[in-house]
Every structure is written in C-alpha cells, then in structure tokens.
Amino acid sequence: MQVSFSAPRAAPPVTVHHGDMDMDTDQTHIVTPGESITSDMQYMRGHGTRLDESSDPPILTSTLAGHVSRVNKLVSVKPLKARYTGDIGDIVVGRIVDVGQKRWKVDIGSKGDAVLQLSSINLPGGVQRRKLESDEKQMRTFFAEGDVLVAEVQSFFADGVCNLHTRSLNFCKLRNGSFVVVPPRLIQRTRSHFHSLPCGVDVILGLNGYVWVSKTVRKGGRHNETKVGLDEDAVDAEMVYSNKNEASAINKDERLAVARVCNCIAALAHEFKYINDTIIVYAYEASLAYPDVQDLLKLNVMEHITREAYEQMKNA
Amino acid sequence: MSRLELISPEGLRIDGRRPNELRKLTAKVNVLSQADGSAYLEQGNTKVLAAVYGPGEPRQRSKVVHDRSFISVEFNIAPFSAGERRKRTKGDKRSLELAYTIKETFEAVVITTQFPRSQINIYLQVLQADGGTLPACINASTLALVNAGIPMLDYVCACSAGSIEKTPILDINYVEESSDSPDVTVAYLPKVGKVALLQMEARLHIDVFEKVVALGTDGCIEMRSKLDTVIRQGMQQLVNQLEQ
C-alpha cells in the first residue's frame, strides 16, 4: 500500500472580534458560554440562553458558543456544530439499530435514537391493509438491524423522541450504494432532498447529515413517474423491502462513479461548505481531473476540487 | 526534603516564572473529525487531547437517568507521558478517581436536563504529564464540550496553586508538584462566580490556604480569557470556511 505524508501547514489567520453586541442591529454576533446577551427584559429566552437571576437586573446569558439570532422578541443562540435536532417534515436517512415490540429504533445521529413504528410503514399488499399479528412476528423481513432507510419525521413523543414514518413511495430501504456522514449543519432545507445527478448517481441528502449515494435505479424505481390508478397505492413489497442489490449487477464504472461522488461529498464536508446537488455536480466535474478516485482523499486535492466547485457556484 | 531550590533569591521559580504566572497555553479545537467536539491543549509541557461524543443514545442502560443526561469520562495516560516509562492499567485507581472528579465537576455545570435519557462521553488522553494533569484535563474538556455545542453555565476554568516556603505559587509544574509541598486544584466558573471543584490532598495552614485559593481563582479568571480566544478562533475559522 502506498503511504504519503504531507507537510504540516499553518492554519489560515483569523481575526477575532470582541465587544458588546447591539441587539437591534447586530445579527451575526458570536457569543460564548457565560457571556451576557442583554439585560433588556423585553426579550424572551430561547434555545442556548438562560436567565441569570443572581444578578440585578437579571441578565440573559448564553450557554452555547454560536451566533445570536433574534426573531421578534425571541432570542436564541445557534451553535455552529451540534447534534441534529429534528423538525416535523424533515427528510432523514437513518440506520436501524434495534428491532423491538412493534417498533424499530433508528440511529439518525440525533440526541437519541428515533422510533419507527410498525404502524407507520407501508405494509406489503396496499396502504389500506390492516396490521396483523403475523406482521409483528416478521418485522425483520421489513427492516433488520443495520438496514439503511430514508424516512420523514412525523411527530415527537412527549419525551422528545423522534417518530418517523415511511408512508410514501419516496421512503424506503436503501440499496445499491454507499453511506456518507457530514456535519448536519452543512445540509440546508430545500424543496427536494432526492437528487439524480447527471453522472448516473442518485443522492439523498438527509437533513440529519446522513447522505446516501447510490446508482440510479431506473426500472420500477422510486424515480419513475408516478404510476396511475390503483397501482399508485399498491406497494411492491419485493422491491421496497428487498435486501438484494439490483438484479443486474452494478458494474465497475458505476461503482467508481458512486465512490467518486462519495469522496466529493466528503471533501466538501472536510472544507466545511454547504452541500447541495449543484455543488456536488461542480465538485464531481472538478474531480474528473484526477482519474484515480482514491486521489480525492488527499488533502490538497480536496482543497482544490472544493475551491473550484465553490468558484463555479459563485459565478453561476 | 529535597535540597532543590524551588524559588530563587530573586523570587523566580525553577522554570523562570514569577510566583503568580501561568505557564504558556496553546490550544486548538476541531482537531478530530469524527468526534462531536474535540480539543488539544498544552499547558507548559502538559499535553492533553480531549474528545466529546454526544449527547446520544445511552450505551450503558443501567446508568440512564430519566430526566437528564449522564456524563461518562474515560481518562487515559500514555505510558510515555512521564519521565519514567510506566503503563497504567485501565482500572488504575488514580485514573478512575481523576475521571470521577472530572465527571462530578461537569455534571454540575453542563445543563444536562436538556437531554433526558441520553449520554455524553468525554475521552481524555494525556500525551505528556508535567504537573497539573487534572486542571489541564478540565480545561481541555471544557473546550471540547463547548466545541460540541453542549450547553453549559459557563466555561469551567481550572488551575492549580501551591505554596512553597509560604509563598503562594500558581500553576505548578512537575518538579514543584513532586517536591512534597501542598497543592490545591481549583475549578472556577468566572462569570457565575462559583467554585466547581476544590481539591487538596495535603495539609495547609488556614491563613496560607486562603491566599493559595485566591491565587488559584485569579489564575482561573485569566484562563477564561485564554480559553475564550481559542473557542472564538475555532468558530471564526469555521465561519470563514463556510462563507469564503
């Protein structure tokens, strides 16, 4: 195996701003734990803040390091890097960690595992079908430990645990591809989180920072035009819950394309850039200058393709 | 005991510092890519690496608390960290006690009630031990926790202080630590104005004790501005990367 070493480099110089903030104008002020935000009592305390009542008058203080954000009277501190906190309607990619009574535990990189109930998945044989005892006994045939799936956040339980559902043709078990983790901060809410790239690769950007990169599935896949009539409701169980990759084996070129997109996403995450379908395509194009996919793991190459992709993003 | 002159007639200590002077502090956050938060900290020649994972699904079911998260600390000291090569086993009592002290300190400061039924893991690795291992570990953990976006009341700033021939000295190094003179470790929340930890394993006269603790507290306050700069630099760097 070839091993290469790169020389140490100094981090780029940064200038740090100190000084008190002005609640009315300053929107991007950085605060750190224990720092006072305001003593003006008209503001409400949101996430990342607490009211220090030991001082007189009481002072709104930060408990996190991050940007202060103000929405009307609500003041909160948004950390730059933190675990994912779900919102209803978020598309997430997750991995099954446990099969329990009528429910699965799903790792979505959040503060606790999410729950997927047996009642919130599409059972084979149509949406209208009643849940039977036999379904409970064969839960592992739907999802087993280690399976990766894409789901939507449906609701929250009283203790804050996330409740997922997969009741749509878009949400299913994931196959034919590879899993990448990026900081959740880098994936922003957009209209669609399912993308088909021109290079024959599908990307699902989970809002929780879990990304699925796979070969584009054409036949009977979820990116087909919606079928008409009764068929729309019928779920092909074989297809949704199958554990096998596509029948026609994935060839080497397709594997390399998936690996290249994975490495491009990893490079963008390494350079801490927002990740969306456009920048992935640009990064992919820039990466074609390097014929070997493993070259994309080198630090200088990562920097180069990220810079090029980012320049193109700005010019576009 | 030793004939070593720890404070020179000019009032300078063995490494050339004045009695109330901290050692040089260099630190960096975001040093590990897989951890939620991480920090590397050098206090003089004491070098510590801290990694924080969490809050996440608890892996030790028995320790789960229903209304808050629990913190678990794993402390490890490298065999090559001190002058004499010595391997400490995992169940070593001194390491366990140190880990427990750190856990207790942070459980009071981290706002754990925001994450019921979850777990926060702190992993500490001492790469070089030159006195003041506990304060260095606490400072490194603070940086890593802040970096992980975990809410805390304030920075926990720790500093050791001792007394040699009735002179209070700040931030003691290995030579001073092993000279049989009493030493105190203070962990202080500078903005809140509360002491999170006060540890002393020797006997000290009450009059001297007060001075030593006051000196240690001053050291902690100075430490806060240093840690704050490190955190701000780390954040600014990420912001620059995101926006440029």
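Predicted model: local features only at pLDDT ≥ 70, side-chain atom pairs only at ≥ 80, totals over all residues.
In the interface, 38 residues of chain A are in contact with 42 residues of chain B. Together the two chains bury about 3300 Å².

**The A–B interface**

- Carbon and sulfur atoms account for 56% of the area buried between chain A and chain B.
- The count of salt bridges between chain A and chain B is 3. One of them pairs the side chains of Arg83(A) and Asp36(B), with N to O at 2.8 Å.
- Polar contacts turn up too: 12 residue pairs across the interface of chain A and chain B, with both partners at pLDDT 80 or more.
- On chain A, the elements giving two or more residues to the side that touches chain B are strand 1 (30-31) and strand 6 (66-71).
- Sorted by class, that side of chain A has 16 nonpolar, 11 polar and 11 charged residues.

**The annotated stretch of chain A**

- An unreviewed UniProt entry puts the feature "domain: Exosome complex component N-terminal" at residues 30-71 of chain A.
- In the model, that span is 50% strand and 0% helix, and its end C-alpha atoms lie 16 Å apart.

**Cis peptide bonds**

- In chain A, the bond from Asp56(A) to Pro57(A) is cis, with omega near 0°. Pro57(A) sits in the loop between strand 4 (49-52) and strand 5 (59-62) of chain A.
- In chain B, Gly54(B) and Pro55(B) are joined by a cis peptide bond with omega about -5°. Pro55(B) is in strand 3 (residues 46-56) of chain B.

**Positive phi without glycine**

- Most residues other than glycine have a negative phi.
- Asn72(A) has a positive phi, near 50°, and lies in the loop between strand 6 and strand 7 (74-79) of chain A. Is Asn72(A) buried or exposed? Its relative accessible area is 65%, so Asn72(A) counts as exposed, the cut-off being over 50%.
- Asp171(B) also has a positive phi near 50°. Look for Asp171(B) in the loop between strand 7 (167-170) and helix 3 (174-177) of chain B. Is Asp171(B) buried or exposed? Asp171(B) has 1% relative accessibility, so it counts as buried, since the cut-off for that is under 20%.

How values were computed. Residues numbered from 1 in each chain as written. Chains lettered and ligands numbered in written order. Heavy atoms only, no water. Contact = heavy atoms within 4.5 Å. Buried area = accessible area lost by both parts, 1.4 Å probe. Salt bridge = Lys/Arg side-chain N within 4 Å of Asp/Glu carboxyl O. Polar contact = N/O pair within 3.5 Å; in protein donor to acceptor, adjacent residues only side chain to side chain. Helix = DSSP H or I, 4+ residues; strand = E, 2+ residues; numbered from the N terminus. Nonpolar A, V, L, I, M, F, W, Y, C, P; charged D, E, K, R; others polar. UniProt positions renumbered as here; feature names shortened; annotations may be inferred. Buried < 20%, exposed > 50% of the residue type's maximum accessible area, 1.4 Å probe, protein only.
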